[in-house]
Amino acid sequence: MGSTLAGKSSASPLSPSEPGLPFLRAAPKVRPRIGDPLFKLTTGFFAVLIAGLAVLIMLEMAINSKLPFAKFGFGFLTRSIWDPVREEFGALPFVYGTVVSAVIALIISIPISLGVAIFLVEKASRRLSNPILFIVQLLAAIPSVVYGLWAIFVLAPLLRNHVYPALQSSLGFLPLFKGSQNGLGLLTAGIVLSIMILPIITAVTTDVLRAVPVTQREAALALGSTKWEATLIVLQNAKSGVSGAIILGLGRAIGETMAVTMVIGNRPQISASLFDPSFTIASAIANEFTEASSEIYLQSLIELGLILFLVTFIINMLARLLVWSVTRGEGRGTRG
Amino acid sequence: MASLARRKLLDHTMTALTALCAVFAVASLFFILGYIFAGGIRALNLSFLFNSPKPIGEPGSGIANAIVGSAIMISLGSIIGMPVGIMAGIYLSEFGSNKFGNMLRFFIDTLTGIPSIIIGVFVWTVMVNPMKHFSALSGGVALGILMMPIVARTTEEMIRLVPHSLREAGLALGAPQWRVTLGIVLRTASTGVATGAMLAIARIAGETAPLLFTALGLNYLSTNLLQPMASLTFQIYYYAASPYEEWHDMAWAATLVLVTMILALNIAIRVLARNRHQQA
């Protein structure tokens, strides 16, 4: 059938006497459309490639950390020894440093980020909130290594000379604030991290709060509540999204490498004092990877990387689900 | 319940506190930028930009090697990351409105949150270790991998903004879908896609961690892709960690150069995005 039509249409070329018709007849002559499936396949291949990278990274790291896994098993997580000379490795000091520095960062950052987000959504006009939001985003654009440099030469001396002595004299009875301080340690790392995760928590919380329908605020105000009480109701309803924002911030804090490496003091120890030098998983990898002298040393670092990967992966998954639960759906329609 | 006066007082206090938080956030940016400017301007001059590092104590040291190295590796990263990211973005927006698409989107989003040092370790295991030495090429690959998910998601968002009527018009004229997508949809969204790509470049330009065990660093000018290569970020890290006053000054000056570039990119993106909104 195709051939007859093709033959016919070539016999009667496009002519003004037959408007439209030859065009229709010529249509089947156009080569069979393998273009579209091919296009879908090609673009799909690249999309799968990126998504598959996550799996590939995990596999590659698992394969390359066989030695310490065979030697220490899951006990790797709970061993507190890190001795490259005797080839004894355990992740606990790094897990401790990572968790504590991230918790410090969250404690400082959560109230400030929520404050900024509430101000931007509930108090400020769009004219004011958009530039402020942009400035907060610029804070996220500053590279980690730059935060590190600033922290070494500006923040650490400031804390060492003014803040830490005051902390020690007032709260020195707590084991947290005992011991000598040279400005480089867990607390300093946590403070730098708190500034670095402020933009992401603020931005996501702003999105989440904007997604809460205006009607909820209006209802609260109509019932005689003050603006702040209305805001509390909005926060209540955006709860899961706000927790998602905080968990995203946690993920950033855990994975942050350069700035932490530069100020945490890099010593694998578990010490009660926040002034003492410590190590996070990311900073240990950054600091020791090129110096690893034996295969098992190197693979232990890769196993640390695998732990970091799995933890951040799970954290991110969780956070996205929580944020999605608020920002998608009906609330979105009320955004300006 | 508390008296009205107390509730009003609390209301005003919280308003003031949230405003204070906003002031703090804005101020901290200018505080940090101020130090970078003040610290960087001292050592910054033309010869600093056009010379390579010299031994300690010798005048006329510079960061030309790092600027060239960063430019090469960012370009490499873009060449690798952008086509993959844009293609993936096209797939997600044109064919990804189903369960499979959502799953891909989920993995790609999650990949954006993976610490960049992990990408460095990954590239080390698949490239540096088998090739037995550090190389600019592996640094470029690491940056490219970092770009992919960012470009994919911004491309998708930008393409989604193209009105459906345009696609339908193209299809009604008898064009196959791939031609409609590439010739009409992608072209309409090109400014947006370019903005997304710039955003990705701004993001990877500040990365240090993925370069630590891929490109490493180098103290002289080199364009050999199979050898270690300097980068601005690595140089800043290296100088900051050194005990020499002179190198600290160089770290600040290099930081000023880097931060100026990144902020300029971000502001350019902002202006571009605003122009597009005004047109629409």
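Which element of chain A has the lowest mean pLDDT, and which the highest? I shall open with that point, since the model before us is a predicted one. Among the elements of chain A, the lowest mean pLDDT, 42, belongs to helix 1 (residues 2-11), and the highest, 96, to helix 5 (residues 92-123).

Let me stay with confidence for a moment. Over chain A, pLDDT averages 86, and 88% of the residues score at least 70. Residues 1-18 of chain A keep a pLDDT under 50, and the model has 13 contacts beyond four places in sequence for them. Residues 330-336 of chain A likewise stay under 50, with 10 such contacts in the model. Where pLDDT is low, the predicted coordinates should not be read in detail. Chain B has a mean pLDDT of 92, and 98% of its residues reach 70 or more. For the complex, the predictor gives an ipTM of 0.93 and a pTM of 0.89.

I turn now to chain B itself. Its secondary structure consists of 11 helices and zero strands. Chain B has a radius of gyration of 23 Å, whereas a compact globule of 280 residues would have one near 19 Å. Taken along the principal axes, the C-alpha atoms of chain B fill a box of roughly 70 × 70 × 35 Å.

Next, the interface. Here 69 residues of chain B are in contact with 70 residues of chain A. On the side of chain B that touches chain A, several helices each supply at least two residues, among them helix 3 (64-95), helix 6 (136-160) and helix 11 (245-279). The largest share, 19 residues, comes from helix 1 of chain B.

The axes of helix 7 (residues 144-171) of chain A and helix 10 of chain B come within 9 Å and cross at roughly 20°. Angles under 35 degrees count as roughly parallel, and the two helices are therefore roughly parallel to each other. Helix 7 of chain A passes helix 10 of chain B in a left-handed crossing.

Which residues meet there, in helix 7 of chain A and helix 10 of chain B? Helix 7 of chain A brings V145(A), G148(A), L149(A) and I152(A), which meet T233(B), I236(B), Y237(B) and A240(B) in helix 10 of chain B. The residues of this contact divide into six nonpolar, two polar and no charged.

Methods. Residues numbered from 1 in each chain as written. Chains lettered and ligands numbered in written order. Predicted model: local features only at pLDDT ≥ 70, side-chain atom pairs only at ≥ 80, totals over all residues. Contact = placed C-beta atoms within 7 Å. Helix = DSSP H or I, 4+ residues; strand = E, 2+ residues; numbered from the N terminus. pLDDT = per-residue confidence, 0-100. Axes fitted to C-alpha atoms, helices over the stretch in contact; angles between N-to-C directions. Parallel < 35°, antiparallel > 145°, perpendicular 65-115°, else oblique. Left-handed = near helix turned anticlockwise from the far one by under 90°. Nonpolar A, V, L, I, M, F, W, Y, C, P; charged D, E, K, R; others polar. Rg over C-alpha atoms; globule rule 2.2 N^0.38 Å.
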